[in-house]
Structure formats: structure tokens, C-alpha cells
2 protein chains.
Amino acid sequence: MRIVDIIEKKRDGGELTTAEIEWFIAGYTDGSIPDYQAAALIMAVFIRGMNRRETVDLTLAMARSGDQLDLHDVAPFVVDKHSSGGVGDKVSLVALPLVAACGAPVGKMSGRGLGSSGGTLDKMESITGWSPDLTLSEFKRQVAEIGLALAGQTADLAPADGKLYALRDVTGTVASMPLIAASIMSKKLAAGADGIVLDVKMGSGAFMSNLDQARELAKVMVNIGKDAGRRTTALISDMNQPLGYAVGNALEVKEAIETLQGGGSAALWQHAVEVAGHMLLQAGKAETLADAKALATAARDDGRAWEKFRQLVAAQGGAVAEVDDPARLPQAKLVEPILAPADGVIGAMDTAVIGWASVKLGAGRMVKGDKIDHAVGLIMPRKVGDRLQMGEPIGFIHANDADKLAQARDEILSAITWSDEAVEPLPHFYGVIE
Amino acid sequence: MRIVDIIEKKRDGGELTTAEIEWFIAGYTDGSIPDYQAAALIMAVFIRGMNRRETVDLTLAMARSGDQLDLHDVAPFVVDKHSSGGVGDKVSLVALPLVAACGAPVGKMSGRGLGSSGGTLDKMESITGWSPDLTLSEFKRQVAEIGLALAGQTADLAPADGKLYALRDVTGTVASMPLIAASIMSKKLAAGADGIVLDVKMGSGAFMSNLDQARELAKVMVNIGKDAGRRTTALISDMNQPLGYAVGNALEVKEAIETLQGGGSAALWQHAVEVAGHMLLQAGKAETLADAKALATAARDDGRAWEKFRQLVAAQGGAVAEVDDPARLPQAKLVEPILAPADGVIGAMDTAVIGWASVKLGAGRMVKGDKIDHAVGLIMPRKVGDRLQMGEPIGFIHANDADKLAQARDEILSAITWSDEAVEPLPHFYGVIE
């Protein structure tokens, strides 16, 4: 095969064969196909698209480009979840302990913050000593022993995805449906999940800003999962405002702890129990979604889910004393309210701007390698549809630098659109694709 | 500016600004924009296209990416020609001496063989000692002294074109109208020509295999030339059979010599005098094309053109004794006929296959750096429409290796389509675009 022939075929809108796709991924992974030829091909893929079979082939080739986990020696059926990324999305911190507490083993590879979205690993690292760096055997042993492990992506799983993602990032080829779907799903397949729940976010703080796009991405990913023989369910959920009330690492851990203990915002609980319910259904722990959610709710109510979270912290070296007394988690020096500039109803939020405001406070990375300040972030309890009076707090900024605090306040105020009339609250979910 | 923004704009079908195009070419030339980003952008350009203004901007940016020749201190108006490449195309060897002999200075940068097409420099190097390696001052002095210089492309002229061409070659982005046009015209503009005659080939041995494509390419190039303030004329000419009868380096030099001395094939003479006529018109040496062609014909008939060719050989170190006695040019050891396999009329020729047959004999390069055998090649005097009897020679193979000779014979026979009925001879030209 010749890479130029493959590039020209896709350039002219042709359909690549399974063999061509496998040969490209193998060659790109081992370096025999250079970046510039891969860049030309993925631009052609971006513009010309890929059909369902091509997308599945691409995903499988990427999943097979490195090590593939097989967890069946420690658990008969392992479930995983993936979020397409959002602001204040700490659903994994609540849903995973719920699922594991109900007896469905969870072995999850998580990521770090990207753009305006936080990352589960960054959040968990707010807890002193907690580490996502597990060897494969540690990961397996932990799934066997406590039914829950949360590791970082390793370069050994789906290395083709790591290379391709870095290339897409600098060649204007990120926002391609087949490439996004293959990137997400290749990692999930390589990590050995039997069941996968996809939380596809839609809205001003999400990668997909309209419902049609989000549905299409969800559908492509569910098709890939099914064609690869995995139980796969996608939820389309709202990201037109921060999820729950906390944005920022330690602040989100605290909200997750409250929620596991029966408190926290209703929105976060509803989101987490929905995700957990679908994971339990996939694992065969219940016959109906309602039954599955009832199981998860019971695991919260009797303290088993909270205990599972404590086990997760302890097993990966975290200071359990800090989660038992969240006041011992990192605290920002400055906490100031953001006040409503006039009477009015919150009509809309530019959620990406709010996410970036938190990143700039130090909760995320502006450039690769930036050190994260786990204490800083936002508390944003007021939502679209809420009526406020002038001077009433919209939320609070947790900062360690007065200038950054002032900048965050300006940015958050600029991100809010006010209405004089009543505004409908936003839904949590827009649908399920199975 | 950010290169990713420019890539995304073109990816989505947008129009790049002059500043964006100039910034890209400057950055790609100095290496600050890497190959993989350039590859993504040119694939987007390939698929989405460029309008006339963008194409002109691209060409001018490439022309200005390195040194630019200004020959006005040695000649008030310099003419140049370009052929899009073909099999047996030795028109430059005849037309340039004709034009120079009529008093219009010619300063031409020529290329080497590419694919199935021969190159003017390779042909001239059949003459012992002749060299295209002129310094800028040698080039200028020769234009001033004898009105004719023929040099190789230097890396200092339009270096962006050299880099982009090499990248296009390996990324499936060669056959793009704006990129082809910008590549050709940027070199012509940088080389300082005031008038440019473009010989755009169409047919089975040409880059453009249909008339619409050839016309479009011609039109784009003429527009660029005009917008850049140069007199520009394009001829669309036939390449559905070898031009003239010789294919291969020394064989083509011999045919050119015969033609300059009043012999040779009528087809080559008609082609060369047409090109020369347009060059003389641009240079203001005649009022009408007919007058210009009459001037060129007179320069052949009274021996001035032949003398100009001898001066060109001598000025660049070539052995004049060899062109005075062409039997002293390189001769192949084996010369064998290709015999008609049955009675019939030549209906069509796959001219690229014929060109490749000559390349494989050693007349061209299969891979970069291959050494050329100047002696070998083909004599193909029989043309589309000619009626042959079984066993009559279609042509002759000049080879230095019996196996290669046999292979060339098979390939040439496979390239010819026979007809039982009469077939119209092919035209020389399909039109002029000014």
C-alpha cells in the first residue's frame, strides 16, 4: 500500500477499506508514516467524512495500536463512563462509588482538564497523596479488591490516539465527528470496558453547542460500541450552565462528598444517579432503569457509596482524614461574592467563559505543564431561570490573588445574559441513545 | 495570526486574506510553520479551492519568498516560455534560438525530467561540457551578450515553491489548479520575465488529460500573469502522441538541430514557430502573429537561428563540434524497430506509457538521483491516423541493454490502440488564451 493513494482516495470522497485504515494507523503509530502525510489525510477525513464502517474500523485500529486491558480475570463485567467534558462536571466522583457500592466493578481511565473543562484526575489530586499512577497489576488488584479503580490514561493504551489527537490539535482538525468519536471510543475499548455509558454534553460550555451535533456524536459512538461488541448507552445532557454549584478542584470534591452523604445540589444528584442507573443496568444489576436508580439511591442512603469513595481515596494513597473533614482540603485565601448588577432573571450563561474564568484563577492549565491551584474556583449556585435582586450574590469566587479575582468577576458578569421576563429552567437531559 | 485559524478558515470554505496568505508563505519558507500544518492547509486548499485573488496572492507571495531577478539592466524586455510537460517536447530547443535570433532577449530557467516527461536541461546535457549552472551575473552577462541564456532553477528563486512542491508530491495534493498555477507562475515571476508564453499540454501524455482542465489551468495562469503585470499568453496544445518523432535526450537534440536547419518533422516546426511567434509578439517585434512567425521562419531559413543555438552551446561550455556533427552525440549500442503486429490504423497512443518506456530505458529518472543515459530513447515517427501494414516499423528503440529494449517494445505495443477504420489526425493546438 502507498499512503499517497490512501490520501488521494479520501481526498476525492472515497471510502477507505478496513485494510487501508489499519495500515495507516499501524504506520502512523510506528512512525513510518510522518505527521505531514497524516495531517493531509485527516484534513481530507475532516472535510469528506467517514461512514459508519470506516469510523468503526478507525476506532478498532486505534484501540489495537497498543496494549489492551483484559479485566475478565478479576471481574466478569466491567463498566466505564465517559463525559465529553463540561464545567463543574464532577459526576464521576459521585456515580462511580454508587455503581461500585452496588456490586458492579468499575475500572476507569480518566483524563485531565482540557480547555474550559475540568478533569477528574485534577479534582481527585486535591486530596493530599492521592495518585492516579497505577501499574496495570495495581489497577487490576484494586478492581478485584474494592471494585473501583481510577487511573490516568497511559501512553501504552491506544497510542495512536495520543499521536493523532496532538496532531489534530495543531492542524484544525479537532471538531470532526468520526475523529472525535474514534478518539473517545478507542480509549474506552482499549481499557477493557464491557459496558460504557457516554455522557455527551450539549451547550455553551460543551464541545457540541447544538443538539443535532450532540445527538450525531452520541449516535456515532453508540454504533462504534455496539459494533465492537460492548454495551453502550449515551445520555445527551445539558451544559448551558455549570453542573451542580462548584467549579474548581477541591470545591468540586467537597460538593461530591456532600452529595454522596445525601446533601449537595439536586441537579448533581439527579445527574449522577441517572448515569449510575444506566451503568448498573448494563452490568445486569437491575431489570429497569427505575430499579437501578433505586439501588443506587439505597447505596447512598445507607452510606455504602460514601464508604466506597473513602476506599477509593485510601487505596490510591489519599488522605482519608481530609475527605472525612473537607475543611482540611485546600482552601483559597480570598472568597468574595459576585453581586447581581440589577434586578433580573438569569436568561443564559456563556458556560465556557465561566469555565475559563476558573481556569485563569489557577484551577486549570492555560498551557501544557501549568501547575494547578487546587483551592481556587467558583461557587455558582444560581441557575438559568433564577430571579435575583440587585446586590444579591450570583455566586462566589475562591481565589489566591486579588487581581485574578477581579478579572474572574468581570468575566463571569460578562458571561451572564439577564432577562426582564420569566425564563424556563434548563432540563438536565435531552435524551438517551442506545 | 495563528496558522490554525487560517487552516480552519480554508477548511470551512472561507477566503483567505492577502495578509494571511503572505504570512503563511513567509512562515513556511522560514520553517516557523512546520510541514504538518502546511499539509493540512494545502489539503484544504485542494478540496475547497482558491479564487482568482487568492491564487494571485499565493503566487506573488511564493515569487517573493526568495531572490527576484531583475534583468532590466541588460535587456529592456525579456521573454520566457513554459511547457507543462510532455513526451518528446523539445520545443524550447528550437523556439528559443528563433526568438533570440530575431532580437528578443530570452533568459530562461528550465527544469529537469519529471515523471514521464523529459526536461530541457537533461536534453542539453547530452552535449559534452554543456552546463546549466550559471551564477546570476553569468546569466545576465550571457543575456546581454548573445540574447539567450538557459539556466537551472536555483533554490534561491521562489524557495517556497520548492518546499511546497516537495510536500504536495507526498501528500496527494499535486493536481490542484491553484497550486499548480502558483507553482509554475511563481518561478516565472521570480525569474524576471516581462513576457511569458505558456504551452499547456492536454492529452494522454500530459498532466491535464482533458480540454476543460487544460483551459482552466491556462486561464488561471494567464490571469496571474496579467494581475502581476506581465504579458502572458497560453497555448493549449496536443499531447495525445509524442511531439515530433524523437523521445530521449540526445535523440531530441538531434531532432532540434535538424529542425533549426530546415528539416525535421513538420509537427515540431509548426509547434516551435507558433510558440516563437507569440514570444516575438509579446516582445513587440511584430504587429501580428503572422508577421512574427514570418520573422522566425526567416531566422531559420537564413541560418541565424542555428547560429544562435551554436552560441548557446558554446557560451555554456558545450562541445560545438558535437552539434555541428550530431553523429558525435551519444549513440545507443542497440537500435531495433517496433513492428506493427497486424494491418491497421493507429487509433490512439497512451503517451505517458511511451514516456515511461523511454524513462525505463534510462532516458529519465525512476527515483531522485538516478543517472541519465543520454543516448537511449525512442524514434516514433508514426502518428495517430497513420495506416500501417503488418511488420512495418511503428518506430525504433535506442537502448544499451537488451532486456530493457524488450521491455520497452512490449510497453510501447501495449500503449497503442489499433483501429480498422480511418482515424482523423490529431490537431497541434486547441486554442490560445490571452
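Which residue forms a salt bridge with A:Asp73? Select A:Asp73 in this predicted model, and then A:Lys140: the two form a salt bridge, and their closest N and O atoms are 3.2 Å apart.

**Stop 1**

Keep both residues selected and show the elements around them. A:Asp73 sits in the loop between helix 4 (52-63) and strand 1 (79-83) of chain A, while A:Lys140 belongs to helix 7 (residues 136-146), so the pair ties together parts that are 67 residues apart in sequence. A:Asp73 counts as exposed, at 57% relative accessibility.

**Stop 2: the pair in chain B**

Now select B:Lys140 and B:Asp73. Their side chains meet in a salt bridge, with 3.1 Å from N to O. B:Lys140 is in helix 7 (residues 136-146) of chain B and B:Asp73 in the loop between helix 4 (52-63) and strand 1 (79-83) of chain B, so this pair, too, ties together parts 67 residues apart in sequence. Is B:Lys140 buried or exposed? B:Lys140 counts as buried, at 18% relative accessibility, whereas B:Asp73 is exposed, with a relative accessible area of 59%.

**Stop 3: other salt bridges**

Over all chains, a search of the whole structure finds 54 salt bridges. One to select is B:Arg304 with B:Asp302, where the closest N and O atoms are 2.8 Å apart. B:Arg304 is partly exposed at 36% relative accessibility, and B:Asp302 is partly exposed at 46%. Then go to chain A and select A:Arg112, A:Asp122, A:Glu125 and A:Arg365, which are linked in a network of salt bridges.

**Stop 4: where the chains meet**

Show both chains. The contact takes 21 residues from chain A and 21 residues from chain B. Between them the chains bury about 1,600 Å², with 75% of it on carbon and sulfur atoms. On the chain B side, select B:Arg11, B:Tyr36 and B:Ile47: these lose the most area to chain A, together 34% of what that side buries.

How many salt bridges cross the interface of chain B and chain A? The rule finds zero. Polar contacts do occur between the two chains, in four residue pairs. To see which helices take part, colour helix 1 (3-11), helix 3 (35-48) and helix 8 (159-169) of chain B; each supplies at least two residues of the side that touches chain A. Helix 3 gives the most, with 10 residues. By class, this side of chain B has 11 nonpolar, four polar and six charged residues.

**Stop 5: helix 5 of chain A**

Select residues 91-101 of chain A. Among the buried residues are A:Val91, A:Leu96, A:Pro97 and A:Ala101. Helix 5 is followed by A:Gly103, whose phi is positive, near 90°.

**Stop 6: a sheet in chain B**

Return to chain B for an open sheet of three strands in the order 10-8-12, with antiparallel pairing. The edge strands are strand 10 (387-388) and strand 12 (416-419), each of which pairs on one side only. Four bridges join strand 8 (residues 344-349) to strand 12. To find one of the partners, select B:Val345, whose bridge partner in strand 12 is B:Ser419.

**Stop 7: around the sheet**

Select B:Asp403 in helix 17 (residues 402-415) of chain B. B:Asp403 is exposed, with a relative accessible area of 64%. The C-alpha atoms of B:Asp403 and B:Ser419 are separated by 29 Å.

Last, select B:Glu424 in the loop between strand 12 and strand 13 (429-433) of chain B. B:Glu424 is exposed, at 67% relative accessible area.

Note on methods:
Residues numbered from 1 in each chain as written. Chains lettered and ligands numbered in written order. Predicted model: local features only at pLDDT ≥ 70, side-chain atom pairs only at ≥ 80, totals over all residues. Heavy atoms only, no water. Contact = heavy atoms within 4.5 Å. Buried area = accessible area lost by both parts, 1.4 Å probe. Salt bridge = Lys/Arg side-chain N within 4 Å of Asp/Glu carboxyl O. Polar contact = N/O pair within 3.5 Å; in protein donor to acceptor, adjacent residues only side chain to side chain. Nonpolar A, V, L, I, M, F, W, Y, C, P; charged D, E, K, R; others polar. Buried < 20%, exposed > 50% of the residue type's maximum accessible area, 1.4 Å probe, protein only. Pairing = 2+ DSSP bridges.
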